[in-house]
Amino acid sequence: MSSSLEILDLATLEKTEAGFTSFLHDLCEKLELDYATYCSVNTVSDQVIGFTTCDDEWKRHYAEQRFQMSDVSAYGTK
């Protein structure tokens, strides 16, 4: 794994689910990660948008268990 830091402008990515998840898959490969997730929270509109490389079974389990309500990686500490 390279120790150099790279700045990335997310505005340059394709603005689709496929574009963001493709970026996350590339990031996983580059950093030797199993999974990656990106979440953005607009505190003005309360809109949340997220993308992940996790499989559908895990996403379904996560939603059914309402893990998003206590996931500090998505919302910070409470």
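## Terms and origin of the model

A residue is called buried when its relative accessible area is under 20%, exposed when that value is over 50%, and partly exposed in between, with a 1.4 Å probe and protein chains only. The structure described here is a predicted model, in which local features need pLDDT of at least 70 and side-chain atom pairs count only at pLDDT 80 or more, while totals for chains, interfaces and linings use all residues. Residues are numbered from 1 along each chain as its sequence is written, and side-chain values use heavy atoms, with hydrogens and water left out.

## Overall fold

The protein contains three helices and two strands, and, read along the sequence, these elements follow the pattern α-β-β-α-α. Here helices (H or I, at least four residues) and strands (E, at least two) are DSSP runs, numbered from the N terminus.

Of the 78 residues of the protein, 14% count as buried. The protein exposes about 6,500 Å², and carbon and sulfur atoms supply 53% of this area, which was computed by the Shrake-Rupley method with a 1.4 Å probe. If a contact is taken to mean heavy atoms within 4.5 Å, then residues 24 or more positions apart account for 34% of the contacts with a separation of 6 or more.

## The hairpin and its turn

Strands β1 and β2 pair in the antiparallel sense over six bridges, where pairing requires that DSSP finds at least two bridges between two strands. One of the bridges joins S40 to I49, its partner in β2. Together the two strands form a hairpin with four residues between them.

D46 is found in the loop between β1 (37–42) and β2 (47–52), and this residue has a positive phi of about 60° although it is not a glycine. D46 counts as exposed because its relative accessibility is 64%. Another positive phi, of about 55°, belongs to R66, which is not a glycine either; R66 is found in the loop between α2 (56–64) and α3 (72–75).

## T52 in strand β2

T52 lies in strand β2 and is buried, because its relative accessible area is 15%. Leaving aside residues up to four places away in sequence, T52 touches T21, L24, A36, T37 and K59.

The side chain of T52 also takes part in polar contacts (pairs of N or O atoms within 3.5 Å; within protein, one must be able to donate a hydrogen and the other to accept it, and residues adjacent in sequence count only if both atoms are side-chain atoms). This side chain reaches the backbone oxygen of A36 at 3.3 Å and the backbone nitrogen of C54 at 3.1 Å.
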